[in-house]
Amino acid sequence: MAQSEAIAPRWLSRRLILVVCGVIVAVATVFGILNVALGDSPLTVIGNPVLPDYLANWTGGRFLVEGDAGILYDRDAQYRLQATIVGPSDAVAWFVSPPITAVLYAPLALLPYVPSALLWATLTIGLLLASLVLMRPMFPRLGGRDWIVVAVAIAATQPLLQLIGSGQNTALCLFLWVAGVRLLGSGREVAAGSLFALGLIKPQLFVLAPVVLLAQRRWRALAAWAATASVMALVSVAVVGVDGVVEWIGLPFSDLYRTLVQDEQSWRMQGLPSLITAVAPDSLSSAAEPL
């Protein structure tokens, strides 16, 4: 850490980072608990559903539980289901993930929404802690005190706080990435390739995994990735049929997807298209999509 301390401002001490970031985490935790506890369940004090992003995935899982896989991507059907949970609203938490993601959430969707959301929040925190534990050996130059500072600083970042507060599945993706890298580094390539394939529940975050495995000529890992991905594809077809898979593939090219996902969510995406969408007129944002 000597070099890091040399380039950092003198006033930026470990203690200051711990205090400031600790306060941020504490305030966010208290606010989050009060926002849920004092709200009109399943709505929070500020009027949003508990874990609003989780509602979309719970909806996908619920359709499978109720035997409605044929309307998995029907926005109006999703709206009607969510209206019975959180009441009428102008918005819908639209499930647009791969069919296999709905399979993942189906067991959680057996529970009523609020208990299911709280269980997911608990699992999310557990996955984050597990990821930190798995990452620790990857940074041998960080001493025990420095690792604590890093962990607390990460906990105070906006993406992590939003992850927990909105119910996204990024913690699961992070765990799959870190566990896969650790397995790959220890020579357990088959297990690593399988974990990377499981990340296809959010394909945009794992699309480069097979490319890297191919470039590194890790044939066993690549074969395991292909086998696991094939099984996931077969399960998806078994659940929603070929038409359902085709419908999911076509979603990003629909005007409704462009409006509800690419435009409305561009403020929290990173990339050139989302930047142009967020700051440019609509005529220019459409031209940026091919990028």
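Mentor: Let us start with a term: a residue is buried when its relative accessible area is under 20%, exposed when over 50%, and partly exposed in between (1.4 Å probe, protein chains only). This is a predicted model, in which local features need pLDDT of at least 70 and side-chain atom pairs pLDDT 80 or more, while totals for chains, interfaces and linings use all residues. Residues are numbered from 1 along each chain as its sequence is written, and side-chain values use heavy atoms, leaving out hydrogens and water.

Trainee: How do you know that the span of H3 agrees with its number of residues?

Mentor: The expected span is 1.5 Å times one less than the number of residues. For H3 (residues 52-65) that gives 20 Å, and the end C-alpha atoms are 20 Å apart, so the two agree. After the helix comes Gly67, with a positive phi near 75°.

Trainee: What do ring pairs link into a cluster?

Mentor: The cluster joins Tyr54, Trp58, Tyr105, Tyr113 and Trp120. Rings of Phe, Tyr and Trp (its six-membered ring) pair if their centres lie within 6.5 Å; planes under 30 degrees apart are stacked, over 60 edge-to-face, and the rest tilted. By this rule there are 9 aromatic pairs.

Trainee: Why does Val27 count as exposed?

Mentor: Its relative accessibility is 52%, and the cut-off is over 50%, so Val27 is exposed.

Trainee: What makes Asn35 buried?

Mentor: Asn35 has a relative accessible area of 11%, which is under 20%, so the term applies. This H2 residue is in contact (heavy atoms within 4.5 Å) with Thr44, Val45 and Ile46, leaving aside neighbours within four places in sequence.

Trainee: Why is the pair of Glu189 and Arg218 called a salt bridge?

Mentor: The rule asks for a side-chain nitrogen of Lys or Arg within 4 Å of a carboxyl oxygen of Asp or Glu. Here N and O are 3.3 Å apart, so the pair qualifies. This pair links distant parts of the chain: Glu189 is in helix H10 and Arg218 in the loop between H11 and H12, 29 residues apart. Glu189 is buried at 14%, whereas Arg218 is partly exposed at 23%.

Trainee: How many salt bridges does the count come to?

Mentor: The count is 4. Among them is Arg62 with Glu66, at 3.1 Å from N to O; Glu66 is partly exposed, at 41%. Another joins Asp76 and Arg75, with the closest N and O atoms 3.9 Å apart. Asp76 has 44% relative accessibility and Arg75 has 24%, so both fall in the partly exposed range.

Note on methods
Helices (H or I, at least four residues) and strands (E, at least two) are DSSP runs, numbered from the N terminus.
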